[in-house]
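Hello,

Here is the structure I promised to pass on. Please open it alongside this note. My findings follow below.

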Amino acid sequence: MADSSLALGAYAAVFAPLEAEGRAEAVARRLGEAITLGLLPDGSPLPSESDLADRFGVATVTVREALAELREDNLIRTRRGRGGGSFVVTPADGGQQALVARLRRMGLGELRDLADHYTAIAAMCAELAALRADPDDVERLRGHVAAGRAYGNGAGRWRAEGNFHLELAAAAQSARLTREEMALQSEVGMLFWLSHAQAGTGNARPGAEPADRHTELVDCIATGDADGARRAAESHVAEMFLAVRTLHRQVWTGRVR
């Protein structure tokens, strides 16, 4: 049976149930992107096949197919026997090739639609958090901002980014919004966060640093400025979308391979 005691965070988002149409490809994509983003650390064990099937709401044979795909992509290795199982293998290129391959399969309209959806969720979470968060919520959010700064551009930054937005959704005190944030993270994580990092090379990153934008957002929440919190969240997602749109154009014109 699934472990229902999982703490709220990026790990819980990784193993949230799939949508009804989810199959082996969806399981492989969810896990593969979590590995690429560093949400699942190198060498860490995956849950058993039966546990994964229970968590994702799919058949065990579907999980088995997904794991075979991940092995083929060198994102996991499997050991048989006592102490065996499937273990995470972090890609040596930091996820660049996986990101490019994903962008090559997507159209700009699909990316814009995803950004619109994420903007709506992030902005509403920020607005409600400014109206409902207590000092403990604000303190936890500031802790996630500090963690993000400490990671710099390291792999842990993506985990900090995800945890910040999940904490933001929790501070909004809406279970439905929190579930929506968890589901969306598996869609936008690789696309937006890695693209934003790629755009940062050569000081070309559009807009504010994520940690600066998070600080601005938390300051608004701490003072109950709902409009300011909403605008900060919208600007944050808009900056990430600008980065992914630029990289998408470069991929489709062959300037990035």
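The protein has eleven helices and two strands. Bear in mind that this is a predicted model. Along the sequence, the order is α-α-α-α-β-β-α-α-α-α-α-α-α.

Some overall numbers. The protein has 257 residues, and 49% of them count as buried. Its accessible surface is about 12100 Å². Carbon and sulfur atoms account for 49% of that surface. Take the contacts between residues at least 6 apart in sequence: 74% of these join residues at least 24 apart.

Now the surface charge. There is a patch of negative charge on the surface, formed by Glu-25, Glu-65, Glu-69, Glu-72 and Asp-73. Which element gives the most to this negative patch? Helix 4, residues 60-72, does, with three residues.

Asp-73 lies in the loop between helix 4 and strand 1, which spans 76-79.

Asn-74 sits in the loop between helix 4 and strand 1. Its relative accessible area is 56%, so Asn-74 is exposed. The backbone of Asn-74 also deserves a look. Its phi is positive, about 60 degrees, although Asn-74 is not a glycine.

Gln-173 is another residue to check. This residue is not a glycine, yet its phi is positive, near 60 degrees. Look for Gln-173 in the loop between helix 8 (156-171) and helix 9 (175-199).

Best wishes

Conventions: Residues numbered from 1 in each chain as written. Predicted model: local features only at pLDDT ≥ 70, side-chain atom pairs only at ≥ 80, totals over all residues. Heavy atoms only, no water. Patch = residues over 30% accessible without salt bridge, like charges linked within 9 Å, V, L, I, M, F, W, Y side chains within 5 Å. Areas by Shrake-Rupley, 256 points an atom, 1.4 Å probe, with all protein chains shown as cover. Salt bridge = Lys/Arg side-chain N within 4 Å of Asp/Glu carboxyl O. Lys, Arg positive; Asp, Glu negative; His and termini not counted. Charge placed at Lys NZ, Arg CZ, Asp CG, Glu CD. Helix = DSSP H or I, 4+ residues; strand = E, 2+ residues; numbered from the N terminus. Buried < 20%, exposed > 50% of the residue type's maximum accessible area, 1.4 Å probe, protein only. Contact = heavy atoms within 4.5 Å.
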